[in-house]
Amino acid sequence: MPWIVGVSGASGTPYAAAVLRALLEAGEAVDLVVSRASRLTLLDETGISFRDAHWQDDLREWLARGADGKPGTFDVDVSAVRYWSAGDLAAGPSSGSYPAKGMLIVPASTASVAGVALGLSKDLLQRAASVTLKERRTLVVAVRETPLNGQTLRHLVALDDAGATVVPASPAFYAGATHIQDLVDFVAGRVLDAAGVAHGLYRRWRGELGGGTSGT
């Protein structure tokens with residue numbers, strides 16, 4: 001069964017790329033939904049146009065980039081990815097009978113958070129998330145916004161009450177980050193931790209002060 005990964009229009013496409021790479025490296029199948037707004041963000045942050053007709057080539061180019069924007073940093077096989085257009089409300093993930101392990105929304109914009117919390121289902125990303133909740137499957141929401149107003153905070157509480165796990169895109173520094181990719185990978189790793197997917201994206205806390213700087 002695949003993990004559904006929804007990419008919304010919030011800034012933070014490197015987070016999504018890191019999660020996707022780690023899922024594929026772990027041998028997981030992925031169903032990918034890229035919202036219309038996220039295509040604009042992806043174009044702005046990477047210069048890549050994500051096109052339905054050429055999604056495999058565009059996805060491969062996107063996932064090959066490092067968080068610093070350098071192309072060809074990673075070698076990624078995208079054969080385990082199935083892509084669904086955000087406007088396709090008849091897609092597999094729109095139904096509870098479609099088999100899936102759960103869904104990760106990364107990054108999650110405040111608009112997508114509101115849509116899922118209110119059950120709007122205005123596109124496939126929101127509909128798939130609503131299905132994930134009603135089927136009691138794992139839903140991880142990596143919200144990327146600051147500051148957060150009261151309305152968004154209430155929506156996040158509603159998602160928590162409904163069974164979702166809210167993971168703010170907030171990198172930590174105890175893991176000994178020396179590169180922007182390390183900070184991105186920390187957030188991606190915490191998203192995967194919440195989903196129960198094994199990975200080696202960051203140095204875990206071992207109860208020893210200074211562990212993140214040892215050997216540097």
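## Pocket linings

The residues that line the largest pocket divide into eight nonpolar, three polar and five charged. Here Ala, Val, Leu, Ile, Met, Phe, Trp, Tyr, Cys and Pro count as nonpolar, Asp, Glu, Lys and Arg as charged, and the others, Gly among them, as polar. The second largest pocket has about 200 Å³ of space. Its lining has 13 residues, and Ser 35, Ala 37, Lys 122, Asp 123 and Gln 126 are the closest to its centre. Helices α2 (36-46), α4 (110-118) and α5 each give two or more residues to this lining. By class, the lining of the second largest pocket has four nonpolar, six polar and three charged residues.

The largest pocket holds about 270 Å³ of space. Of its 16 lining residues, Ala 18, Arg 21, Ala 22, Glu 25 and Leu 201 lie nearest the centre. The elements that give two or more residues to this lining are α1 (13-25) and α7, and α1 gives the largest share, five residues. A pocket is an open set of points on a 1 Å grid over the protein atoms alone, where a 1.4 Å probe fits, with protein on both sides within 12 Å along at least five of seven lines; lining residues have an atom within 4 Å of a point. Grid points are joined across faces, edges and corners, and a volume is the space filled by probe spheres set on the points.

## Basis of the model

This is a predicted model, in which local features need pLDDT of at least 70 and side-chain atom pairs count only at pLDDT 80 or more, while totals for chains, interfaces and linings use all residues. Residues are numbered from 1 along each chain as its sequence is written, and side-chain values use heavy atoms, with hydrogens and water left out.

## Strand β4

Helices (H or I, at least four residues) and strands (E, at least two) are DSSP runs, numbered from the N terminus. In strand β4 (residues 102-108), seven of the seven residues are buried, that is, under 20% relative accessible area, against over 50% for exposed and in between for partly exposed (1.4 Å probe, protein chains only). Gly 102, Leu 104, Val 106 and Ala 108 are on one side, and Met 103, Ile 105 and Pro 107 are on the other.

Two strands pair if DSSP finds at least two bridges between them. Strand β1 (residues 3-7) pairs with β4 in the parallel sense over four bridges, and Gly 6 stands opposite Ile 105. Strand β5 (residues 138-143) also runs parallel to β4, joined by five bridges; here Leu 104 has Val 140 as its bridge partner.

## Helix α5

Helix α5 (residues 124-134) is largely enclosed by the rest of the structure, because nine of its eleven residues are buried. Among them are Leu 124, Gln 126 and Val 131. Asp 123 caps the N-terminal end, with a side-chain oxygen 3.3 Å from the backbone nitrogen of Leu 125. After α5 comes Arg 136, whose phi is positive, near 60°.

## Salt bridges

There are eight salt bridges, each a side-chain nitrogen of Lys or Arg within 4 Å of a carboxyl oxygen of Asp or Glu. One joins Arg 65 and Glu 61 at 3.6 Å, N to O. Arg 65 is buried at 17% relative accessibility, whereas Glu 61 is partly exposed at 38%.

Another joins Asp 193 and Arg 190, with the closest N and O atoms 3.0 Å apart. Both residues lie in helix α7 (residues 180-195), three residues apart, about one turn of the helix. Salt bridges that share partners join Arg 190, Asp 193 and Arg 204 into one network.

How values were computed:
A polar contact is a pair of N or O atoms within 3.5 Å; within protein, one must be able to donate a hydrogen and the other to accept it, and residues adjacent in sequence count only if both atoms are side-chain atoms.
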